[in-house]
Every structure is written in structure tokens, then in C-alpha cells.
Amino acid sequence: MPAMTFRIECRCNICETNAEKAGASFPLAAEVPMALSQVALTSEGRHGLVHLAHDPNRITGASARLRTGVRPAQDEPGHEPLGVFRATVTRDGVALERDGQTYHRANLVGDDAKDGGLFEVMFADGFWMLATAGDMTPLELG
Ligand SMILES: [Zn+2]
């Protein structure tokens, strides 16, 4: 069952050092299940999730990723749909036009806890739009 996820990055000094050590591209990024969106609303929370996603420890890192569903973000995100956009909170003309369409990428862009966070979502045709958590429906429920 594909879980709805969004993408976050951490640009802190610790993550920069870890990326250098691992030979990974900076900033480090993570794919995070929607259920953890509240955690991602603070920079400390985002760092924790990104750190977890890239924890190189084979035992603790792997089990934490399995338990939380947090994983390293792919450099080239797949084209699998993540969820269905519903113009529930965001109800301008463009949103209403996009109602019912699947989105294929989701980045957390706002720290505002109102409406569960602000995201930019990408539709199948490559069009990006701002949406809130309240507009985003997991695919299996869409
Ligand atoms: Zn960090």
C-alpha cells in the first residue's frame, strides 16, 4: 500500500558534514509519511527526520526507517502518484480546476501549523501548486 509522503531537506551543519562523509549530495533530503507532517513543521523536527533517513547505522538506522516509514529521498523522484488533490481548503480557480487530479511530488514549504502545513505539489503534467495537508488525500482513499 503506497503511503502518502512528502519531501523535506535539511541544510544544517551536521547534515552537511554527514553528507560529505557519505559522499551524498547536499542538502540531504528525506521522504516522510504524511502522518509525520507535524514533526516536520520545525527545523529541529526536519533535521531529526532527515538524520533518521540517512542514519548509516545498519541496525538502528534500518529499524527506525522501517518503523517510521521515513526514507532517503530519491534524487529523481518517481512518477508514481502520491495522492489525490481535493480543493477542500484551497479553493481558488486553479485549485477547483485541479480538483480530483493526482499529484506526483509533494514538498513541505511552510512552517505554519495551520491546516497541517503548506506544501507545493506537482501534478502529472508538471504543474506545481501550493496546497495544504487538508487538500491532500492518500491515493488509496482517493
Ligand atoms: Zn540537519
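This is a predicted model: local features need pLDDT of at least 70, side-chain atom pairs count only at pLDDT 80 or more; totals for chains, interfaces and linings use all residues.

The protein has 142 residues, and 25% of them count as buried. There are four helices and eight strands to find your way around, and from the N terminus on they come in the order β-α-β-α-α-β-β-α-β-β-β-β.

**Confidence and overall layout**

- The mean pLDDT of the protein is 86, with 89% of the residues at 70 or more.
- Helix 4 (residues 93–98) has the highest confidence, at 95, while strand 8 (residues 136–138) has the lowest, at a mean of 84.
- If you take the contacts with a separation of 6 or more, 50% of them are between residues 24 or more positions apart.

**The nonpolar core**

- The largest nonpolar core holds 25 residues, and the members that touch the most others are Ile8, Ala30, Leu49, Val50 and Met136.
- Strand 1 (5–10), strand 2, helix 2, strand 5 and strand 6 each put at least two residues into this core.
- Strand 2 gives this core its largest share, which is four residues.
- Both domain 1 (5–72) and domain 2 (83–141) take part, each with at least three residues in this core.
- As general background, nonpolar side chains in soluble globular proteins tend to be buried together.

**The helices, covered and uncovered**

- Helix 2 (43–53) has Arg46, Leu49, Val50 and Ala53 as buried residues.
- Those buried residues line one face of helix 2, because they fall within an arc of 95 degrees when you look down its axis.
- What do the buried residues of helix 2 pack against? They pack against strand 1, helix 1, strand 2, helix 3 and strand 3 (71–72).
- Helix 1 (residues 13–22) is hardly covered, with one buried residue among its 10.
- Helix 3 (residues 60–68) is hardly covered either, and the count of buried residues among its nine is zero.

- Strand 5 (residues 102–110) pairs with strand 6 (residues 118–123) in the antiparallel sense, over six bridges.
- Strand 6 and strand 7 make a hairpin with four residues between them.
- Within that turn, Gly126 has a positive phi of about 90 degrees.

**Backbone spots worth a look**

- Most residues other than glycine have a negative phi, and most peptide bonds are trans.
- Gly23 comes after helix 1 and has a positive phi, near 65 degrees.
- Gly69 comes after helix 3, and its phi is positive too, near 80 degrees.
- The peptide bond from Phe26 to Pro27 is cis, with omega near 0 degrees.
- You'll find Pro27 in the loop between helix 1 and strand 2.

**Two threonines to compare**

- Thr42 sits in the loop between strand 2 (28–33) and helix 2.
- Is Thr42 buried or exposed? Thr42 has 12 other C-beta atoms within 10 Å, so it is exposed, as 12 or fewer is the cut-off for that label.
- Thr42 and Gly110 are 68 residues apart in sequence, yet their C-alpha atoms are 9.7 Å apart in space.
- Thr132 belongs to strand 7 (residues 128–132).
- Thr132 is partly exposed, because 17 other C-beta atoms lie within 10 Å, and a residue needs 20 or more to count as buried.
- From Thr132 to Phe85 the gap is 47 residues in sequence and 9.7 Å in space, C-alpha to C-alpha.

Methods
Residues are numbered from 1 along each chain as its sequence is written. Two residues are in contact if their C-beta atoms, placed from the backbone, lie within 7 Å. Two strands pair if DSSP finds at least two bridges between them. A nonpolar core is a set of buried Ala, Val, Leu, Ile, Met, Phe, Trp, Tyr and Cys residues joined through C-beta atoms within 7 Å. Domain bounds come from an automatic or database domain assignment. pLDDT is the predictor's confidence in each residue, from 0 to 100. The arc is that of the directions from the helix axis to the C-beta atoms.
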